[in-house]
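Here is a short note on the sheet and the charged pairs of this model. Please read it with the structure open.

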Amino acid sequence: MKAQVLHRPGEPEQFSYQDWPQPQPGPGEVLVRQHATSVNPADCKIRRNGSALAPGLPAVLGADVAGEVVALGPGVGAFALGDQVFGCAGGVRGMPGSYAEFIAADVRLLARRPHSLSLRQAAALPLAGITAYEGLVDRARVRAGQRVLVYGATGGVGHLAVQIAKARGAHVTAVVSTPEKAALARSLGADEVVLYRAEGLDGYVERLTDGLGFDLVFDAVGGDNLNLAIQAARPQGQVVTLVARQSYDLGAAFAKGLSIHILFMLIPMLHDLERARHGEILRELARLADEGCSRRCWIARPSPWPTCRRPIGAWKAARRSARWWWILRSPSLSRRQFRYRPGATRAPPCRPPGSTAPGACARRRRRPGRRPAGARCPGTGRARRRG
């Protein structure tokens, strides 16, 4: 099979598109023919740092899976040949990843694709969706009527946290940076929106909670933002955070008697602990999607499978501009491009600004009719030429 293989830690240029041994499903595993996958922050950190979480190099990375079951391992009865499945099932220590045409995946980490989502859309859901659901439901046990504050509310995890909290009956406040993101947050179901550049913490806590604080604060930003999350929570409230890899003074949290939940959703994969719970969460996410409660996944234009480095570079550029894009790739060698899903506020660059690597712009110049002559690429500003 073909795979994107990482030979050494570093930038996306370290990937090599090459032949790689096709895996065979073991006991409790199925072989999935990959249709699409996604780029997550965890994928990029593992690729860049080569941390203790990474598979031994050279290796295939990639956590999210979406495809068709083509072979069953011994003892598998939960799935049948031809089932379309999705999940977060690889790309970490001891588990080859999804940047390949096939992956042997633990059935406990998979669920059937939601009927309302395509495989490309479903590929953007597992890691981010499991993280949001685990934090809100399994840890904080969010319930109807609670006031929930979401930092990073239009990011990969945050935009799903808004929808899940709303589906559970909570009153959701989204914290964002721009009016465009505010409009997106409202379209996702947020009851209130805070533009943090225009309104300080004390202002919106007073305005929205009469100064008491929020019952639950979901911090999808992490780092120093955890201090703001602690300040925004009410006494005996709860804080859920995704990134807490630094030292903190928890005196303010102690004074309020807060419960702080730190999420690391890769634990079941790394230590083979309670993996079946991930499958249960995926089935619940699929149900929510099919019921229309959690259908919006912010997805960028797909890229062909052999060009893995380009979408990863685009993800980096998008994140630098404070915009989080999910970028999907297909093992098909087709050059077909797809429209952006409704809800995206603008297109990401066709390639990272300043990049000299050939990208989608070059392909379009070779395909007359895709864009009117003289139209400019949103990433490079260059005008399209005919021919």
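1. Start with two terms. Two strands pair if DSSP finds at least two bridges between them. Helices (H or I, at least four residues) and strands (E, at least two) are DSSP runs, numbered from the N terminus. In β6, Gln 84 is the bridge partner of Glu 68.

2. A word on the source. This is a predicted model: local features need pLDDT of at least 70, side-chain atom pairs count only at pLDDT 80 or more, and totals for chains, interfaces and linings use all residues. Residues are numbered from 1 along each chain as its sequence is written, and side-chain values use heavy atoms, with hydrogens and water left out.

3. Now the sheet. Strands of a sheet pair through backbone hydrogen bonds, either parallel or antiparallel. Here 5 strands form an open sheet, in the order β7-β3-β5-β6-β8, with antiparallel pairing. β7 and β8 are the edge strands, and each pairs on one side only. From one strand to the next, the twist averages 45 degrees. (Axes are lines fitted to C-alpha atoms, for helices over the stretch in contact; angles run from 0 to 180 degrees between N-to-C directions.)

4. Look inside the sheet. Strand β5 (residues 64-72) and strand β6 (residues 84-88) run antiparallel and are joined by 5 bridges. Helix α3 (residues 126-139) packs on the sheet and touches β5 and β6. Contact means heavy atoms within 4.5 Å. The direction of α3 makes about 60 degrees with that of β6. α10 also packs on the sheet, touching β6, β7 and β8. Its direction makes about 25 degrees with that of β8.

5. Next, charge. A salt bridge is a side-chain nitrogen of Lys or Arg within 4 Å of a carboxyl oxygen of Asp or Glu. The whole structure holds 15 salt bridges. One of them joins Asp 272 and Arg 108 (3.0 Å, N to O). The two residues are 164 residues apart: Asp 272 sits in the loop between α9 (267-271) and α10 (275-290), Arg 108 in the loop between β7 (102-106) and β8 (110-112). A network of salt bridges links Asp 106, Arg 108, Asp 272 and Arg 275.

6. Buried means under 20%, exposed over 50%, partly exposed in between (1.4 Å probe, protein chains only). Arg 108 is partly exposed too, at 34%.

7. Finally, a pair within one helix. Arg 277 and Glu 280 form a salt bridge, with the closest N and O atoms 3.0 Å apart. They are 3 residues apart in helix α10, so about one helical turn separates them.
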